[in-house]
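Colleague: Could you take a close look at a single part of this model for me? I would like to hear how that part sits among its surroundings.

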Amino acid sequence: MRNRPHWMLCGGLILLMATACTDAGSGKETTLPASQVCDDTLTPPSAKALERLASTERFTELTGTDQQGEANEFSLELAAKRLYGGVKERNICMVYKAGDDSGIPLLKIEFEPTENHPVPEEEVRNADGGDRLVFPLGSYAEINGDSGANLYFACSTKGPEGTSPYVRARMYSSGGQLAPGSGPEDRMTVLNDVARGLAEELGCADEAALPARVPEPANG
């Protein structure tokens, strides 16, 4: 996280000097408020949305390094740098509920470049019941069932094989992790703010046109 130590031993002669502490290996950082997850990208409304999704106010994220020596901790800079990497190379925001030792993340948010996106008008017509909600957001945005969310936004980026006109932000939650009382709009609110942060990092905030607040779904 920005403006905070990446790790600190909690115990012995070393004093805790931040609101969070980590083991020095590939573990999970503890006691993060919602406003500090995913590289401090959440605004007060999306932080509250995350708290409703988790039914808690404290969270953890992966820290340490992977087998290649690359940082596990999510940062906008690394996410932008590794946008064109393979699935195992991307910098992913993995959010866990504090105190949850299951190893299953509450939310997993990742980004990838893409050549196209679904057509919102067609998807609204084809949406079946309340299982899928389409939002007038970015180039295309949807909530899928009780676990998935997708947000495509215009952002021209250049990779090894050429230029891609869009970025896809994808959120996934394992079954049983989200609080029963949370709404689908909460997921999109969180995803939108993290995507807004990456769009700014990539220099395409104006092109992406992601609003500060998520509008009502077009088929809600």
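Modeller: Happy to. In this predicted model, D193 has a relative accessible area of 3%, which is under the 20% cut-off, so D193 counts as buried. The residue belongs to helix α5, which spans residues 184–202.

What does the side chain of D193 meet there? A polar contact of 2.5 Å links the side chain of D193 to that of S46. Setting aside neighbours within four places in sequence, the contacts of D193 are T41, L42, T43, S46 and A212.

As a general background, nonpolar side chains tend to be buried together in soluble globular proteins.

Not counting residues up to four places away in sequence, F111 touches F74, L83, R90, V167, R168, A169, V194, A195 and L198.

Strand β4 covers residues 107–114 and runs antiparallel to β3, with three bridges joining the two. I109 in β4 stands opposite C93.

How many of the five residues of β3 are buried? Five of the five, across residues 93–97, so the strand is largely enclosed by the rest of the structure. C93, V95 and K97 point one way, while M94 and Y96 point the other way, and all are buried. In a regular strand, side chains alternate between the two faces of the sheet.

To place all this in the whole protein, there are six helices and eight strands, in the order β-α-α-β-α-β-β-α-β-β-β-β-α-α along the sequence. Of the 220 residues, 48% are buried. Among contacts with a separation of 6 or more, 61% are between residues 24 or more positions apart. The accessible surface comes to about 10,900 Å², and carbon and sulfur atoms hold 50% of that.

Conventions
Residues numbered from 1 in each chain as written. Predicted model: local features only at pLDDT ≥ 70, side-chain atom pairs only at ≥ 80, totals over all residues. Heavy atoms only, no water. Buried < 20%, exposed > 50% of the residue type's maximum accessible area, 1.4 Å probe, protein only. Helix = DSSP H or I, 4+ residues; strand = E, 2+ residues; numbered from the N terminus. Pairing = 2+ DSSP bridges. Polar contact = N/O pair within 3.5 Å; in protein donor to acceptor, adjacent residues only side chain to side chain. Contact = heavy atoms within 4.5 Å. Areas by Shrake-Rupley, 256 points an atom, 1.4 Å probe, with all protein chains shown as cover.
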